[in-house]
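Thanks for coming. I will go through one model this morning, starting with its core and ending with its ligand.

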Amino acid sequence: MSGFDTLDPWLTDEQRAFRRNVREFFAEDPVRKAVAALGVHEPREESGLLDVYRRLGERGWLAAAWPEEYGGLGLTAVEAGIVLEEMVLNGVPEDQHVLSIDTVGQLLLLAGTPEQRTRHLPALAKGEQIATVLFTEPHCGSDLAALRTRAVPDGDGWRLSGRKIFNQKSQFAEWALCAARTDEGPVRYHGITLFLLPLRSPGVVINPVWSMGDERFNEIVIEDVRLTAEHIVGPVDAGWQLLNDMLLLERTGMDFQAKLRRWLDIVVADARRTGRLADSGYAQRIADVDAQLKAGRALAWRMVRAQVSGEPDPVASAASKWFITQQSDAVVRLGADVMGLDGLLSRWDGEAPADGLLESVYRQSPAHTLASGTSEVMLQIIAASGLELSS
Ligand SMILES: Cc1cc2nc3c(=O)[nH]c(=O)nc-3n(C[C@H](O)[C@H](O)[C@H](O)COP(=O)(O)OP(=O)(O)OC[C@H]3O[C@@H](n4cnc5c(N)ncnc54)[C@H](O)[C@@H]3O)c2cc1C
């Protein structure tokens, strides 16, 4: 793969062998065909549970860092990072994985009860089920502590009502991790609780909201759904810290850097095909973007290694996410210049180079600076916690 260094000095021999195995898996004919089939769908259609996830799950690779009893391999965040990176480089959509494994699953490992872990983690690790996240609301995204979804006490349980937006994949998921207010106090970071909401409950309505990109968002309307103690993850009223711990583990920048690398590789392959790579103007710009992506990749891997040494750093994670997602625009604009008008044909137009990937990612790329925390929020974390600047 161009511009992609497989000899990362931080990998052990075993980890290099692990990467080779994962790479060979993605090169297998049935897997390549299954991945190619993911791109074949009508506009406004999305693939459901991915067969390739199940295949990864059978090998224990989907959640490689989880203990074996929960369907993992008991390895480290490095092996998990290798799987995620290879998955994305090979064109497998990573959002299900990030939501199910890196977000909800990680949180259950961190704060779930033994019963919750036993019940949910093996199915997630095997790719048989997915779980999603219900944080954002119509009036609050960045300012999540302003959320209005409420759970009110009801005997030995709770009744949950509210409206969530910009959720992904709930149409395929059994469970969603839902942040709700359980107490109104003077400190708004107190009084937030995390619930595992069964999405097939009466009282849960999933409405599609199509985005500018190809992925579907959902609005989720929750009306008076009864939940009990078994649905609560972590302490009542003290979910805010957990939320931040969870986002920190998810926010390495690994998925974004791998995606941009894949896009750039496709642009370079097209430039080679059309002879534009010989033009020093294009070559110079490609080299420039390539260098930025290598820097982004180095940052992302540093975050993964910090997790392994038990020292995840919220400021460095924010910097990694900010830096790499700032490159999205440069990659797609470079692609548009290098691939020209043909590059703007969509996969449904036929004759589109690279199966219309550029047209699709052109629409998708602005979301990078919003998803899992906007660029401004990342800068705020860096300014407030890293540089200790107050507003
Ligand atoms: C691809 C994608 C997938 C997503 N998946 C999910 C999901 O599965 N579940 C879920 O719950 N949510 C999901 N989201 C929602 C995402 O978390 C929110 O979009 C994000 O938190 C921003 O919230 P918002 O859209 O309400 O924007 P706002 O918070 O309204 O922000 C709008 C703009 O104002 C800026 N801004 C806001 N506050 C400040 C400030 N204090 N200082 C400076 N600038 C500020 C922001 O940076 C942004 O540019 C997803 C979003 C995307 C794009």
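Which residues have the most contacts inside the largest nonpolar core? They are A176, L177, F195 and L197, in a core of 99 residues. A nonpolar core here is a set of buried Ala, Val, Leu, Ile, Met, Phe, Trp, Tyr and Cys residues joined through C-beta atoms within 7 Å. Buried is 20 or more other C-beta atoms within 10 Å of a residue's own, with C-beta atoms placed from the backbone.

Before going on, this is a predicted model: local features need pLDDT of at least 70, side-chain atom pairs count only at pLDDT 80 or more, and totals for chains, interfaces and linings use all residues. Residues are numbered from 1 along each chain as its sequence is written.

Take F195. Leaving aside neighbours within four places in sequence, F195 is in contact (C-beta atoms, placed from the backbone, within 7 Å) with A151, L160, C178, A180, L227, H231 and I232.

Next, the domains. The assignment, from an automatic or database source, gives domain 1 (13–93), domain 2 (133–237) and domain 3 (251–386). The centres of domain 1 and domain 2, taken over C-alpha atoms, are 29 Å apart. Their contact takes 4 residues from each of these two domains.

Now the ligand. Where does the ligand lie? Domain 2 and domain 3 both give residues to the shell around it, so the ligand lies between them. Of the 17 residues around the ligand (C-beta atom, placed from the backbone, within 6 Å), F135, G141, S142, T374 and E376 come nearest.

Terms used:
Buried ≥ 20, exposed ≤ 12 C-beta atoms within 10 Å, placed from the backbone.
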